[in-house]
Amino acid sequence: MLSWNALIWVCILYVSFLFLIAFWAERRAARGALGWLRSPVVYTLSISVYCTAWTFYGAVGSAARNGLEFVAIYTGPTLVFIGWWWVLRKLVRIGRVQRTTSIADLISSRYGKSPALGVAVTLLAVIATTPYIALQLQSLTLSFSAFSASVEQAEQIPTAGVTAFWIAAGLALFTILFGTRNVDANERHHGVVTAIAVEAVVKLVALLSVGIFVVWGVSSGPADAFSGITAEALRTDEIFGPRWVAITFLSASAIICLPRMFQVTVVENVDERHLATASWAFPLYLFLMCLFVLPIAIAGQTLLPEGANPDLYVLSVPLAEGRNTLALLAFLGGFSSATSMVIVAAIALSTMVSNHIVMPLWLATRQDDTKTSGDVRSVLLLSRRISIGGMLLLGYLYFRFTGGTGALASIGLIAFAGVAQVLPGLIGGIFWRGATKAGALSGLAAGFIVWAYTLFLPSFEGSLLVSAAAIAEGPFGISALRPQALFGLSGFDPLVHSLFWSMAVNIFAFMIVSVLTVPGQLERIQGAQFVDVFRMSEDGPGVVVQRSATSEDLFTLAQRILGPNHAHRLFSAAAMEQGKNSGLPDPTDGFIQQLERELAGSVGAASAHAMVSQIAGGGTVSVTDLMQIADETAQIMTYSQRLERQSRELEETARQLRLANTRLTEISAQKDAFLSQVSHELRTPMTSVRSFAEILRDTPDLDAAHTRRFLKIIHDESERLTRLLDEILDLSFLESGRMSWRRDEVSLTEVIDRALASTEGLRDGTNIVIHRDRASEDVIVTADFDRLAQVFINLLSNAVKYGKADAPEIRIAVTRFGGKVHVDVSDNGPGIPMHDSERVFEKFARLGEITLAGGAGLGLPISREIIHNLGGSLDLLPVPVGATFRVTLPVSETASLSARA
Amino acid sequence: MDDPGGDSGLAERQHRQRRLQDAALLLPLVGAFFLISPVILIFRDSSGGEGVPAVVVYLFSVWLGLIVAAALLSRSFLRQDTHEDG
């Protein structure tokens with residue numbers, strides 16, 4: 001038999017071993033050489049902190065009392081983990097993206113970084129966890145006493161209270177040493193996690209060993225081990241009812257909402273893929289933990305005397321069989337279960353208390369000088385250390401005042417029901433954009449009040465706030481308000497009754513108030529980032545809040561929270577990203593946001609937001625950004641609008657291409673037509689030149705008069721050819737824009753004079769009368785004199801040639817119109833039909849049959865091209881009699897100015 | 001897959017991924033059906049007398065079945081993940 005002292009020594013050795021493990025892991029983490037320490041196996045084992053002493057000892061006790069009911073406490077988490085794709089995956093991603101430090105931080109951050117929600121969740125967590133810690137202390141003291149009960153020297157053994165006190169103090173020391181070594185940027189505690197993983201192995205091995213001993217050592221196999229059991233003992237008739245479903249639901253929500261579970265599952269997660277492994281490995285761990293619970297319970301009932309505490313069967317069965325080593329192993333298993341739970345819960349709660357209660361208070365007291373003074377890190381560390389001590393003290397006090405009564409036995413499920421009140425706000429927050437801060441607060445408060453009234457306070461059996469009489473008869477004798485039969489709904493198990501009412505009130509208050517209230521800007525942004533965490537890009541924040549601060553202020557703040565080294569690293573990296581080789585980065589909106597997130601990894605989102613806001617202001621969000629995150633429909637609409645715009649742009653491009661293609665085809669056809677016209681025009685004079693040259697060659701005795709006449713024809717035709725070629729060249733030069741132009745101040749009078757003089761020969765022998773008003777022609781234009789004269793010569797000769805009439809007359813009218821001048825050249829001939837009004841400007845487009853030798857039909861196209869190049873236009877006016885061509889030219893500006901002066 | 005870069009390979013992979021996700025969503029529902037629906041009541045009376053009671057066998061084998069299914073799914077997810085990374 002082990003002596004009391006030996007037991008103490010074993011405990012101290014075991015704890016020292018854990019110290020070494022944690023210390024070694026911290027050292028490796030500091031060197032960045034984590035290796036297998038960040039493997040999925042360690043992650044899974046650390047999650048098994050779910051199995052506390054309540055599992056290790058309590059499952060067997062529960063099996064002895066309530067048959068199969070204990071299984072529901074492990075199938076709930078199993079369902080959550082095999083369904084990790086639904087909730088856990090999203091929580092882990094959000095936790096990583098938002099640098100979440102605790103479940104209170106996650107909820108506060110989701111609802112617009114609300115400090116109020118952070119406080120509410122923290123308080124609820126403290127209230128629900130304190131009895132749970134007390135439960136661990138009780139288990140530990142019970143297990144000590146189970147050993148010491150058989151020891152003779154009873155007077156040496158301290159009382160249960162003293163044992164519990166030293167256990168609590170030892171645990172506080174361990175937790176403070178490894179849980180608050182530094183304010184880690186990501187709130188990860190590699191040392192603690194590794195120690196927890198080792199403890200997980202110890203408790204599994206211990207329970208399996210006891211189980212195997214019971215089944216194959218005491219009995220002769222599974223069939224024999226179960227031979228004493230009856231359906232009555234398994235309680236199969238009663239347990240598969242509402243209570244079974246309620247416990248499954250509670251344990252499922254506990255694995256998500258318990259602060260310590262959130263700590264190991266989400267905060268301490270280093271790789272999302274580990275979750276995939278844990279999705280089956282953790283249920284397997286639970287399965288193995290439960291496998292031998294029933295045989296041990298049966299063995300305890302058959303082997304041990306009546307009245308032995310079923311909660312200690314794991315320990316007392318090996319002791320009764322005289323297996324001291326096995327009993328010691330079982331003791332260490334229970335010790336591991338209790339200590340690991342207390343350590344992780346204390347870390348999680350101290351983080352919550354320091355980030356959500358101490359930090360906001362500290363900020364409020366030094367509103368004015370946050371920019372300059374005070375090391376936030378030391379405040380944080382101190383508040384966390386004090387919180388850890390405080391949590392364990394609370395647990396110890398709770399144990400002292402209620403321990404020994406039967407109240408602790410059911411406290412596990414009561415605590416589960418308490419933290420389950422966080423569930424609606426949590427699940428609603430990550431799946432429902434419409435959830436608001438007011439809704440979450442209302443749901444949490446309403447659910448908490450109903451839970452406290454119907455389950456928590458009655459669990460004290462009248463010693464706290466609600467008297468025993470009030471529990472039995474209702475407060476002031478109002479039976480409708482009986483805590484365990486609200487509104488007369490009696491006949492239910494108190495747990496089911498409380499869970500039904502608290503959850504109903506919680507969910508309805510949460511949803512109805514959410515629907516009735518309007519979320520603020522920050523709430524909407526955070527809501528969108530939580531709900532659509534898989535759709536948002538990971539690094540770039542979807543929406544940037546516009547704020548302004550100086551880099552120096554931000555650096556000071558970062559130094560005070562992250563420490564000089566970390567802050568320096570962060571700012572250097574940001575400066576490099578901005579393309580700066582040295583100095584501080586520019587305080588862009590994106591950088592401020594990134595910094596706030598980094599700080600949130602240490603002090604929580606709400607405190608980080610408050611601190612950064614003190615420096616940079618609350619900030620604004622542009623309407624477009626708000627629209628962007630408005631809701632999913634809007635996102636889809638934006639997307640489809642973008643698609644529509646793109647397709648419209650494509651259509652427009654296609655239309656332009658089609659148009660260009662048509663024009664190219666037309667131009668190609670025009671070119672073909674032009675070429676054939678040119679060939680035709682060249683061919684006519686060539687034919688006559690050739691034929692007359694042949695006559696001259698073949699007729700040697702031609703008389704001189706004929707010879708001269710033929711030679712003249714050849715000469716004239718050659719001239720015509722030359723002129724034609726000149727015109728073609730001219731036109732091609734004009735069209736290609738390679739012509740060089742003179743720009744002179746040209747008087748219209750002089751140009752018209754020149755044109756009339758040039759066409760005088762043409763008008764000889766006709767009785768054409770010219771009408772002109774020399775006074776109105778006194779206009780100066782900027783033009784090339786020769787080119788402009790060429791245009792008027794062409795217009796006048798056309799008028800002479802085509803304006804056949806009995807009393808032909810040509811009228812030249814000049815009118816000023818604003819900054820422009822119109823020169824109309826009209827004849828009173830047959831005119832040009834309207835449908836030919838554009839054709840006359842085409843190349844080789846002589847109208848009808850009236851043609852004169854010398855005109856190749858290029859005159860008007862050339863003229864129009866010249867006028868275009870001079871910045872004017874040449875049009876055919878629709879007039880009833882004859883044809884009128886209008887030349888429009890801009891008036892020279894300098895000339896008109898001098899004229900006015 | 002033979003042509004992971006090809007169009008048919010891509011479509012096939014996407015389809016596979018979709019089916020995996022659906023299976024992952026379905027698994028806890030199947031588990032809930034066997035563990036907390038009245039189905040469990042079928043086994044409550046068959047205590048059998050000899051050996052391990054039927055209801056215990058039922059509960060633990062459903063549990064183990066779910067774990068095996070989750071392990072297979074998780075292996076597929078992780079394998080696919082490395083495919084995508086590589």
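These questions and answers walk through a predicted model, from the contact between its chains to single residues.

Student: How many residues does the contact take from chain A and from chain B?
Tutor: Count each side of the contact separately. Two residues are in contact when heavy atoms lie within 4.5 Å. The contact takes 35 residues from chain A and 33 residues from chain B.

Student: What area is buried between chain A and chain B?
Tutor: The size of an interface is often given as the accessible area lost when the parts come together. Here carbon and sulfur atoms give 80% of that area. The total buried between chain A and chain B is about 3100 Å².

Student: Which residues of chain A lose the most area to chain B?
Tutor: Look at the side of chain A. Three residues together make up 21% of what that side buries. They are Ile82(A), Trp85(A) and Phe287(A).

Student: Which helix gives the most to the side of chain A that touches chain B?
Tutor: Several helices of chain A each supply at least two residues, among them α5 (72-82), α14 (242-257) and α16 (273-291). The top contributor gives 11 residues. That helix is α16(A).

Student: How many salt bridges does the whole structure hold over all chains?
Tutor: Now search every chain. Some bridges join into a network, such as the one linking Asp753(A), Arg772(A), Arg774(A) and Glu777(A). The search over all chains finds 22.

Student: How many residues apart are Glu272(A) and Arg93(A)?
Tutor: Their side chains meet in a salt bridge, at 2.5 Å from N to O. Both residues are buried. Glu272(A) sits in the loop between α15 (259-267) and α16, while Arg93(A) sits in helix α6 (residues 88-97). The pair links distant parts of the chain, 179 residues apart.

Student: Is Arg697(A) buried or exposed?
Tutor: Arg697(A) forms a salt bridge with Asp698(A), with the closest N and O atoms 2.9 Å apart. Asp698(A) has 51% relative accessibility, so it counts as exposed. The cut-off for that class is over 50%. At 62%, Arg697(A) is therefore also exposed.

Student: What separates Asp716(A) and Lys712(A) in helix α33?
Tutor: These two residues form a salt bridge, with the closest N and O atoms 2.9 Å apart. Lys712(A) is exposed at 52%, while Asp716(A) is partly exposed at 33%. They are 4 residues apart in helix α33 (residues 704-736), so the separation is about one helical turn.

Student: Is Ser251(A) buried or exposed?
Tutor: Ser251(A) lies in helix α14 of chain A. It touches Tyr50(A), Ala72(A), Ile73(A), Gly76(A), Pro77(A) and Phe416(A), not counting residues up to four places away in sequence. Its relative accessible area is 0%, so Ser251(A) is buried.

Student: What distance separates the C-alpha atoms of Ala440(A) and Val422(A)?
Tutor: Ala440(A) is in helix α23 (residues 437-456). At 5% relative accessibility, Ala440(A) counts as buried. Val422(A) is 18 residues away along the chain. The C-alpha atoms are separated by 8.7 Å.

Student: What share of the residues in chain B is buried?
Tutor: Chain B has 2 helices and 0 strands. The share is taken over its 86 residues. Buried residues make up 31%.

How values were computed. Residues numbered from 1 in each chain as written. Chains lettered and ligands numbered in written order. Predicted model: local features only at pLDDT ≥ 70, side-chain atom pairs only at ≥ 80, totals over all residues. Heavy atoms only, no water. Buried area = accessible area lost by both parts, 1.4 Å probe. Buried < 20%, exposed > 50% of the residue type's maximum accessible area, 1.4 Å probe, protein only. Salt bridge = Lys/Arg side-chain N within 4 Å of Asp/Glu carboxyl O.
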